[in-house]
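Welcome! Here is a short report on a protein chain and the ligand that goes with it. Take a look at the structure first, and then we can walk through it together.

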Amino acid sequence: MTFRTRPLFGKYLINPSHILCCRSISTISDQPILRVPKSSIYALGAGSSSKPLFHDISWTIHPKDAWIVVSVGSTSGKTSLLRALLGHLRIHPAPPPPYGLFPFLNNRDPHKHVSLVSFAHRPRAAGGGFVDFTARYGAVREEDKRTLRDTFFPETARPIHDLAFPEMHSSVPTLLETSLDISKERKRRLLFEYLVENLDLRRFLELPLIALSNGQTRKARILKALLEQPELLILDEPLTGLDVQTRKLLLSLLEELHRAPEPPHIIMGSRIQDPIPDWTTHLAIIHKDGTVQTGPKEDLMPTITSHQTSSSQTTSHQHAIKRDLDRVLIDMQDLNVAYGDRKVLKNIRWTIHANSRWHLLGANGAGKTTLLAMLTGEHPQSYTQSSKLHLFSRPRSKWPTPYLHAQIGRVSPELHNAFPRRKGLSVWDAIGTAFNNNFMPRGRRRVGLASDGSELEEGGQVEQWRLTRMWHVLEGLGPIAWNSDNSKKQTTLQAFADRQFADLSPGEQSIVLLMRALVTRPPLVLLDEAWAGMDEGMVKAARTYLREGGGLEDGQACIVVTHWEDEVPWGWEDGVRRFQLVNGEGKELQKVQ
Ligand SMILES: Nc1ncnc2c1ncn2[C@@H]1O[C@H](COP(=O)(O)OP(=O)(O)OP(=O)(O)O)[C@@H](O)[C@H]1O
C-alpha cells in the first residue's frame, strides 16, 4: 500500500516537483551523480600500504537512480562509506579530473552542494564532555527557550503573502533581480509549508526546540536538510527512532522527491533489518571483508534477504520469562505530567513487578521518554507527583536521586548523545563508570570506588565481583558475540576493552552502553532505542544475551522501548507484557487470540 503525502493547505495540491524546479537550469546535468572508479578507501593519513577500510569498490550513480547503502555483518561500514563521500576518508586512486567524485556538479564545490544528515552520530558541536540532557524536563531556561522555528527556520517567521513585496534595499535592485529573488524565496517557502505539513511538524514550530521528542527532532532535522535543497542529500539511517506511521510518511515523501524532475538526489543508508522501499533501484552492500558490491536491486536483493532471514531468526523459546514476582518495583497511580495546559501524561496507572519484561509502545511524542524520566526521578514533576509514584517501595520524594540511579541501568538516545567521548576514555572505562553511577572512570582497576569513596580492597570480594561482571558483559556482548571467529577469544576481548570509546562505530558505542546498563545487575533495566546503529549481528547478540545469555537474572525487571517489534527480545509466547501510550493515556495491551 502506498501512503500518500497530504495536499498542502487542504484544497491546493502542491507537488514538490513544481517547487523544486526553482534551481537554475545550468545546474541540471546528465552526468553521473557519483563515480568511484575501481578504488580502495583508507582512513585519512593512512598510507597506501596500510589496510584499506574498503577495497574493490566500483560505484556509479546515475541521475534517475535511487540508492540504498546497507552493511552486512560489518559494524561501521555504512556510516564510514557515506562519510567517505564527504571527504572524511581517502579514496585511492582518487576519481580523476575533470569529473572527479561528483561529475554532475561540474566542478562546483561539493561542500556547498552535498550534505549528510546522520542519525548515527552525536552532533559534533557537542564536544567531548558530558551533556546534561535532563534540562528539557524542567521549566525551560531562558537560554533554551528558542523555538523550533527560531532555531531551524527563522526566515519563515514572515507571513508568506509578505514575500510578494520586496524589502527596501539601500541599493535598489533591478526589477528582474527582485522578481527572481522573490520567486526563489516564495518557492522555498512553499516547499517549507509542504514539508512541515507532510512531516506533521506544524504544531511544534512554536515550542522550544529542547521540548521536542526524539522523533520530532529527527523529523525537523530532515526537514531542514531538504529545505536547504542540497543537490545531493545523504541520509544515514533516517528511519531510526521514527514510529511506524512516520516511517511511512517519510518514505513516501522521499519517493515523491525522487520522482520529481529535478530532485535533490538522495542516497540513503539503512540497517539490514530496515525495509527496502519499492522505489529503490540500486543497492550498495558492504561486506565484512571490506568489499562493496554495487548494482541493481533485483540482482542484489537475494544477498539482503538471506541476511535478513538469518538475523531475524529468533533464539530458542526455552527461556521464556518466568512469571512476575509479587515484589513491586514501580507503582504509578493516576500519574500526570503537564507543561502549562499541555498535558503529556494523563492518569497513568502502571505497576512493574520484579522479574517482569515490558515493551513500552507509543508514537513519536506519545510521552515514553517523559514516563521513563518519572521512573528515574529525573523529571522535576516526579516530586510534585510523589504520592502517586512509588519507586522501590517508597514515595519518590523519600529517595535521593542518586539512590534511584543506582537501582536503574539504562540506555537511551539522550544518554547516548550525552555520554562523554573524551580522549583516553577506553571501552573498559566507559562500562566501569556504571559502578559509581557517573561518567568518570574511578578506582585502581577502573571499576569504581567503595560507597564511602575509598579504593576497593585489592582482590576483595567486591572488586572480584565487579571484574567478573565486566568480563561477563564483554564476553556476552563484545565482538566475539557478533563475529563467528572465536579462536582468539581473550586477545579479542582485551583489545576491544582497550579501544577508545570515541573511536568506536555508532553501533559499537550502543552495545558498549548496553554493557554499561547491565554490568551492575540493577533491579530495573530501561532499554530505550538501545539498538540504534547496531548491525544485525549485534542486535542478534544483544537479544540472545538478554533472553538466555545471563544478561538479566531472576528478579531483574526490564522495559524495552522501540518502534520495531522484532527488536524486543521476548514475544507474547515468552510472557512479555505491553504498555501503550496514546494521547497521553496508557493501557496494558492484551494478546489478540
Ligand atoms: N518542556 C516541555 N514543554 C512542552 N512540551 C514538552 C516539553 N517536554 C516534552 N514536551 C512534549 O511532550 C511530548 C512527549 O515527549 P516525549 O519525549 O516523552 O515523547 P516520546 O514518546 O519519547 O517520543 P519519541 O518516540 O519521539 O522519542 C512531546 O509532544 C513533547 O513535545
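This is a predicted model: local features need pLDDT of at least 70, side-chain atom pairs count only at pLDDT 80 or more; totals for chains, interfaces and linings use all residues.

The protein chain has 593 residues, and 39% of them are buried. Its secondary structure consists of 18 helices and 19 strands. If you take the contacts between residues at least 6 apart in sequence, 72% of them join residues at least 24 apart.

Now for the helix pair. Two packed helices are described by the angle between their axes and the distance between the axes. For helix α14 (residues 461–477) and helix α17 (residues 506–518), the axes come within 10 Å and cross at roughly 140 degrees. Because of that angle, α14 counts as oblique to α17. The crossing of α14 and α17 is right-handed. On the α14 side, Val-473, Leu-474 and Leu-477 take part in the contact, and they meet Ile-511, Leu-514, Met-515 and Leu-518 of α17. By class, the residues of this contact are 7 nonpolar, no polar and no charged.

Next comes the ligand, which is surrounded by 20 residues. The closest are Ala-211, Ser-213, Asn-214, Gly-215 and Thr-369. Three elements, α6 (214–227), β11 (342–353) and α9 (368–375), each give two or more residues to the shell around the ligand.

The table shows the classes of residues in that shell.

| Class in the shell around the ligand | Residues |
|---|---|
| Nonpolar | 7 residues |
| Polar | 10 residues |

Note on methods: Residues are numbered from 1 along each chain as its sequence is written. Helices (H or I, at least four residues) and strands (E, at least two) are DSSP runs, numbered from the N terminus. A residue is buried if 20 or more other C-beta atoms lie within 10 Å of its own, exposed if 12 or fewer, and partly exposed in between; C-beta atoms are placed from the backbone. Two residues are in contact if their C-beta atoms, placed from the backbone, lie within 7 Å. Axes are lines fitted to C-alpha atoms, for helices over the stretch in contact, and angles run from 0 to 180 degrees between N-to-C directions. Angles under 35 degrees count as roughly parallel, over 145 as roughly antiparallel, 65 to 115 as roughly perpendicular and the rest as oblique. A crossing is left-handed if the near helix is turned anticlockwise from the far one by less than a right angle, and right-handed if clockwise. Ala, Val, Leu, Ile, Met, Phe, Trp, Tyr, Cys and Pro count as nonpolar, Asp, Glu, Lys and Arg as charged, and the others, Gly among them, as polar. A residue is near a molecule or strand if its C-beta atom, placed from the backbone, lies within 6 Å of it.
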